[in-house]
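I opened the model today and kept notes as I went. The entries follow the order in which I looked things up.

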Amino acid sequence: MAGDLIVALDGVAFGLLLYCVAAGLSLSLGVAGVFQLSHGALYLAGACLAWWFAAQGTWLGFVVALLVGLATGAAAGGGLAELLRHVPDHLDQALVTIGAGLILVEVLTSGYGAQARTVLPPPGLDGAVTLLGRAYPVYRLTIIAVAAVLSAALHLTVERSRPGVLVRAVAADPRHVATLGVEPRRVHLAVMMAGGALAVFAGVLGAPILGPAPGLDTTVLTLSLIIIVAGGLGSMRGALLAALIVGQVHTSVAVAWPTAAPFLLAALLLVGLAWRTHHHLITARVA
Amino acid sequence: MTGIAVDVHGLTHRYGNATVLDAVDLRIASGSRHAIVGANGAGKTTLLGLIAGSGRPTDGRVRFDGRDVTDLPHHRRAQLGMSRTWQRPAVIDTLTAVDNIALAVRRTPLRSARRAAIHLLDQAGLGRAGNMLAAHLAYGQRRILELLTALASEPRLLILDEPSAGLSEQEVAGLLGQILTVSDATTLVVTDHSMALIEAVADVVTLLDGGRHAHTGEPSAVLAHLPSAGDLSASPAVHAPVAVTTREAVRARLQVRSLDASHGRHHVLRALTLSVYPGEITAIIGSDGSGRSTLVNILAGLHPAHRNARISLDGVDLTCSSAAQRARAGLTTVLQGTLPIPGLTVADELRLCGTDPRTAADALALPWIAARGRQRVETLSGGERQSLLVACALARRSAALVLDEPTEGMAGPVVDRLRDSLRRSAARQTAVLLTTTPSNPLLGTADRVLRLSNGNLHDA
Amino acid sequence: MITLTIAGVAAAARTTAARRASLPLAVAAAIAAPWVLDAYTISLGSYAIVLGLVAVSALLLTDVAGLPTLGQGAYLAIGGYTAATLSRTVTSNGPLQLLAATAAAATAAAAVGVFATRTRGTTFLLTTVAVGVLTQAVASRATSITGGDAGRSVDPITIWPATAPVTRHGYLYLYALACALAVGGALALLLRSRFGLTLRGIAAAEARVQANGVATGRYVLLVYVIAAAVAGAAGAVLIAVRHTIGPSDGGFIVSALALLAALVTTRTMTGAMLGAAVIVAVRDLVAPALLAGHANILLGALFLAAAAGRSIARRARLAADPSTGGFP
């Protein structure tokens with residue numbers, strides 16, 4: 001029983017980490033209208049940065065990795081935003097981001113050597129605490145705390161602040177916002193930069209539990225796609241709920257019954273879809 | 001032919017808090033030519049959509065030939081004998097004209113369906129266009145093609161939503177010819193802004209007003225209820241316009257030269273020239289489809305004009321500026337039909353505009369704007385929402401103010417205050433441009449009224 | 001050499017005059033290939049046919065029905081594992097495996113499609129990505145059926161009962177080509193029928209087609225199932241020509257390459273097959289010579305180039321239209 005709870009806690013950590021990635025993806029798509037399929041590659045880039053700068057678990061290396069991660073993520077997101085400004089079609093955007101992702105992953109893979117690598121947590125966070133009579137790694141609790149703070153900050157920014165009002169307004173009606181003197185393009189750029197930074201940051205943060213490995217990029221991309229589709233495009237709360245469920249499925253279920261995990265994720269996706277589209281049909285506007 | 005083709009009972013439709021249709025009862029006799037008229041936002045398109053099955057009503061029933069079809073999807077109603085056209089012609093661009101029609105001929109092998117389609121096209125004088133992709137047809141031809149497609153299934157009920165929108169007078173005449181040949185076995189329901197078309201087609205007319213069924217009767221009787229464009233010439237300008245001699249001396253604040261614009265292949269505006277002077281309220285009247293909203297969108301920087309156009313504000317060329325740059329340069333626009341942004345509060349909306357609640361509330365003397373800061377905009381009524389947007393725009397006190405159909409959904413007293421407020425803005429040397437349908441109550445306060453038709457402005 | 005030929009045929013297919021001649025030309029060149037090319041190149045050609053079939057499947061959904069997809073690899077995997085299982089337990093007969101694979105992929109697509117085809121556009125695209133990668137995850141974990149990450153290896157197929165298994169690359173290539181031509185011919189007939197026209201109609205103006213009395217939802221589900229059946233057939237062909245299948249054979253990259261192949265040339269079935277041939281040539285002939293071990297960089301560049309080409313073409317179309325001239 002206690003073991004189950006410990007695994008469940010792992011699920012929360014992974015779920016919140018995924019939420020950070022998925023939130024960026026959701027904002028890119030919902031606000032900037034950019035179909036971003038290189039998010040998984042950005043996450044992998046974060047994991048690689050952690051491995052390069054802080055594989056042995058030093059604070060200096062870890063902080064450098066986080067800062068470099070934030071900067072490169074923002075730069076990558078901003079660069080994509082500028083590039084894709086001239087590529088309005090989602091299918092073409094998919095081609096561009098798949099291509100960019102392939103190249104990035106290939107470069108990263110030759111860097112870390114195409115095998116699963118471990119990254120140690122920084123000193124002080126590498127120990128364990130006793131939780132429900134079992135040893136539990138401190139670093140996972142740290143991830144939960146940091147990701148929870150990050151998620152809350154993201155939520156508050158979008159829901160309460162003036163930038164958040166701008167973001168929501170641009171997502172719903174960029175023409176109206178433009179007539180009020182705000183360049184929707186700038187908002188798009190900011191959102192894409194934030195999305196990229198979040199993905200790489202999450203990669204660095206998660207590296208001590210999920211180091212660079214082949215296939216990590218597609219796993220993270222798929223899980224975040226499931227989260228935003230099942231949670232409903234543009235719904236931050238739905239995404240958070242979906243992220244926590246996906247986190248549980250990916251850890252608890254995967255431990256108990258490995259084959260079932262992908263089926264459960266598929267079921268989550270399809271049920272989410274069915275519920276959403278049903279809802280959508282009911283509220284559909286008369287054309 | 002007697003009997004009821006369509007029986008609409010207590011039909012109500014709401015989007016959020018806005019009631020678009022309010023308990024409408026309507027009977028359409030079999031074989032009749034029934035027109036639905038009313039101002040913008042009166043609910044005409046929504047009513048047609050609910051009859052055709054493009055959506056489900058909030059409340060009420062629709063019967064077709066005695067059968068309750070309220071819960072039937074669009075295609076089932078089509079199978080029962082309904083057919084329709086849209087305001088913007090819905091044709092399949094990727095297929096030829098023949099195949100567009102052939103697809104609508106049901107329960108027939110494709111080969112004979114195509115033969116039937118060619119026959120229909122020949123009869124309509126479009127035989128040469130048969131093998132062209134619909135995407136390559138001119139706008140007027142697309143209209144006719146859509147009508148032929150709708151007729152190809154030999155419907156018992158044909159619903160035409162604004163068939164003349166965007167057509168030249170000559171094209172309307174051609175379309176009218178097509179509509180008049182529709183067999184008597186087909187019941188016809190039509191909305192249109194062209195009263196000439198309504199008079200030529202309809203034997204019964206229903207007037208919708210604010211989502212309610214106001215009146216049904218003989219065309220001449222109902223159309224007399226409508227405030228027509230002709231009344232305008234009688235409405236005196238209350239305030240003396242800037243005299244022509246002074247105008248030469250006063251420089252126009254907002255200036256538009258040689259403006260051409262298109263919607264796809266449809267040429268909407270032709271070499272249009274317009275000057276809006278400080279201290280003056282200029283009104284442009286035009287029906288839907290006349291290019292009125294296109295003009296506003298072009299001024300706002302949201303729709304492309306052809307290359308040779310020039311737009312300037314206070315002598316500064318804005319032709320290549322983005323919408324946001326124009327707004328910052330002092331050109332404030334209120335677009336028609338701006339939908340509330342879900343989740344935003346009244347205070348958020350004011351923050352977005354960059355105005356403080358007091359000024360906005362004072363603009364139309366609506367204290368609730370300052371008091372109800374925490375209310376979500378999607379829970380405002382349509383009129384309140386519109387008042388909020390207009391109040392925000394007024395509070396910006398910009399050099400030029402462009403309002404497209406600003407009174408839509410507004411309560412009468414608010415319209416009166418808007419009239420005063422526009423005069424105050426004009427007194428502050430703001431150049432005010434109103435664009436409306438010919439029946440707008442604000443027209444009385446305009447210093448100059450211009451009519452937009454055939455893509456250009458004429459003195460009204 | 002083969003790349004040049006393909007590029008030449010693709011270029012020829014673009015001019016309308018040569019368009020009609022290009023199909024028989026391409027088919028004749030494809031049939032003649034085993035007598036001209038070496039065994040390795042021919043085995044690549046066989047794989048190009050597999051990828052080409054998946055590309056045709058992606059083309060059917062993306063271009064004809066207007067439902068962009070990045071998950072057809074899932075149905076290639078379902079077809080492939082079905083054929084492999086059949087080969088290990090029941091029969092080594094290739095055509096029977098092909099039928100079973102097609103049926104299995106179609107059945108799976110019917111179950112998924114009930115949900116997935118309720119969406120359109122970007123949500124559909126997102127959903128197909130997720131379905132594709134989840135299928136890959138199932139393939140790597142359901143070890144008892146799929147052999148896990150190691151995959152499944154099977155004996156060579158037989159084409160006729162009680163005949164010797166086919167092992168030579170040239171014959172396997174011709175078998176794959178015959179399967180592709182059969183599938184392509186059937187689809188060509190289907191697309192010229194009322195069904196095909198209706199699909200194009202749904203892609204361009206779904207409401208219009210509904211107003212014609214067509215239950216568009218059923219058509220969309222049906223085309224999803226048909227497209228999956230084509231990808232499933234590709235899975236059986238893969239088993240026939242390669243004798244082995246693993247999770248990555250139906251992975252995200254394969255789905256993405258199939259979409260790229262479908263869109264990169266003329267957006268016809270022949271174009272999709274040629275596109276697949278170009279992609280395989282770049283990955284397995286050009287890349288090893290230029291960038292040993294880093295083929296993905298070239299493929300990535302190919303994606304970028306395709307997107308750039310499509311965007312430039314779109315802008316050229318818009319620039320030719322006076323209504324949008326000079327607008328930022």
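**Entry 1: chain C overall**

I note that this is a predicted model. I counted the elements of chain C and found 13 helices and two strands. I then checked the radius of gyration of chain C, which is 20 Å; the globule rule gives 20 Å for 328 residues, so chain C is as compact as a globular protein of that length. Along the principal axes, the C-alpha atoms of chain C fill a box of roughly 65 × 45 × 35 Å. Of the 328 residues in chain C, 55% are buried. I also looked at contacts in chain C with a separation of 6 or more, and 76% of them are between residues 24 or more positions apart.

**Entry 2: helix H3 of chain C**

I asked what span the 26 residues of H3(C) should have. At 1.5 Å a residue, helix H3 (residues 39-64) of chain C should span 38 Å, and its end C-alpha atoms are 35 Å apart, which agrees. I looked along H3(C) for a bend and found one of about 25° at Ala58(C). H3(C) is mostly covered, with 21 of its 26 residues buried. Just after H3(C), I noted a positive phi of about 70° at Gly66(C).

**Entry 3: helix H8 of chain C**

I repeated the span check on helix H8 (residues 169-192) of chain C. Its 24 residues should span 34 Å at 1.5 Å a residue, and the end C-alpha atoms are 34 Å apart, which agrees. I listed buried residues in H8(C), among them His169(C), Leu172(C), Tyr173(C), Ala176(C), Ala180(C), Val183(C) and Leu187(C). I kept in mind that an α-helix has 3.6 residues a turn, so residues three or four places apart point the same way.

**Entry 4: chain C against chain A**

I found 36 residues from chain C and 34 residues from chain A in this contact. On the side of chain C that touches chain A, the elements giving two or more residues are helix H5 (94-116), helix H6 (121-141), helix H11 (252-264) and helix H13 (295-320) of chain C. Which element gives the most to that side? H6(C) does, with 13 residues. By class, I have 25 nonpolar, eight polar and three charged residues on the side of chain C.

**Entry 5: chain A against chain B**

Here I found 19 residues from chain A and 26 residues from chain B. Helix H6 (162-172) and helix H7 (174-179) of chain A are the elements that give two or more residues to the side of chain A. That side has 10 nonpolar, three polar and six charged residues.

**Entry 6: a sheet in chain B**

I traced an open sheet of four strands in chain B, in the order E12-E11-E14-E15, with antiparallel pairing. Strand E12 (266-276) and strand E15 (316-317) of chain B stand at the edges with a single partner strand each, so one side of each is left without a neighbour in the sheet. I looked up Leu254(B), whose bridge partner in E14(B) is Leu313(B).

**Entry 7: Ala446 of chain B**

I placed Ala446(B) in the loop between strand E18 (431-436) and strand E19 (448-453) of chain B. Is Ala446(B) buried or exposed? Ala446(B) counts as buried because it has 28 C-beta neighbours inside 10 Å, and the cut-off for buried is 20 or more. Ala446(B) and Leu434(B) are 12 residues apart along the chain, and I have their C-alpha atoms separated by 8.3 Å.

Key: Residues are numbered from 1 along each chain as its sequence is written. Chains are lettered from A and ligands numbered from 1 in the order in which they are written. This is a predicted model: local features need pLDDT of at least 70, side-chain atom pairs count only at pLDDT 80 or more; totals for chains, interfaces and linings use all residues. The expected span of a helix is 1.5 Å times one less than its number of residues. The bend at a residue is the angle between axes fitted to the seven residues ending there and the seven starting there. A residue is buried if 20 or more other C-beta atoms lie within 10 Å of its own, exposed if 12 or fewer, and partly exposed in between; C-beta atoms are placed from the backbone. Two residues are in contact if their C-beta atoms, placed from the backbone, lie within 7 Å. Ala, Val, Leu, Ile, Met, Phe, Trp, Tyr, Cys and Pro count as nonpolar, Asp, Glu, Lys and Arg as charged, and the others, Gly among them, as polar. The radius of gyration is taken over C-alpha atoms; the globule rule is 2.2 Å times the number of residues to the power 0.38. Two strands pair if DSSP finds at least two bridges between them.
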